[in-house]
Amino acid sequence: MEKLFSAFSTATSRLAGMPWTFNIFLLLVVVWAVTGPLFHFSQTWQLVINTGTTIVTFLMVFLIQNSQNRDSAAMHAKLDELIFAIRHADAGFIGIEHLTDHELAAILAEVEKRASAIHAGHSARPVRARPAKRVDDLTT
């Protein structure tokens, strides 16, 4: 069930983000608006668009969030692996997505100071100063 939902949410997210999908739904709204005089702008006519957009929005939130969660988790894993694989990388950055907002803000402030120093032409130091330990470093 989980694989089926993941595949469905990924496909739906891709489909929802395409320009032609937007154009189709824009056309539906235009058709709905043009039919207003035909239905005398009745409450039922209004209810059709309100109900349709509410249902689509409600379901899309969950599908897109699932897709975003998986993409984010994969990106974190890839970045953590890159940090680990680079000898002089700061291993303190591995897993920082699990820190508190206050801890993340402090790290961001340090990173921004380092960026300012680099852009000003000064040397910069590691932010958290804990080089990654690699398996091949431990065995030699």
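The expected span of a helix is 1.5 Å times one less than its number of residues. The model shown in these views is predicted.

**View 1. The buried side of H1 carries serines and threonines.** Ser-6, Ser-9, Thr-10, Thr-12 and Ser-13 are buried. They fall on the same side of H1 because they cover an arc of only 165° around the axis. An α-helix has 3.6 residues a turn, so residues three or four places apart point the same way. Helix H3 (43-85) is included in what covers the buried residues of H1.

**View 2. The opposite face of H1 holds exposed residues.** Lys-3, Leu-4 and Arg-14 are exposed there, on the face turned away from the buried side.

**View 3. A nonpolar patch lies on the surface.** Its members are Leu-15, Met-18, Trp-20, Ile-24, Phe-25, Leu-28 and Val-56. Together they have about 650 Å² of accessible area. Helix H2 (residues 19-34) gives the largest share, 4 residues. Leu-28 is placed in H2.

View 4. H4 runs over residues 101-119 and has 19 residues. From first C-alpha to last, H4 reaches 26 Å. That is close to the 27 Å expected at 1.5 Å a residue.

Notes. Residues are numbered from 1 along each chain as its sequence is written. This is a predicted model: local features need pLDDT of at least 70, side-chain atom pairs count only at pLDDT 80 or more; totals for chains, interfaces and linings use all residues. Side-chain values use heavy atoms; hydrogens and water are left out. Helices (H or I, at least four residues) and strands (E, at least two) are DSSP runs, numbered from the N terminus. Patches are made of residues with over 30% relative accessible area and no salt bridge: like charges are joined within 9 Å, nonpolar side chains (Val, Leu, Ile, Met, Phe, Trp, Tyr) within 5 Å. Accessible areas come from the Shrake-Rupley method with a 1.4 Å probe; for residues, only the protein chains shown count as cover. A salt bridge is a side-chain nitrogen of Lys or Arg within 4 Å of a carboxyl oxygen of Asp or Glu. Buried means under 20% relative accessible area, exposed over 50%, partly exposed in between (1.4 Å probe, protein chains only). The arc is that of the directions from the helix axis to the C-beta atoms. Contact means heavy atoms within 4.5 Å.
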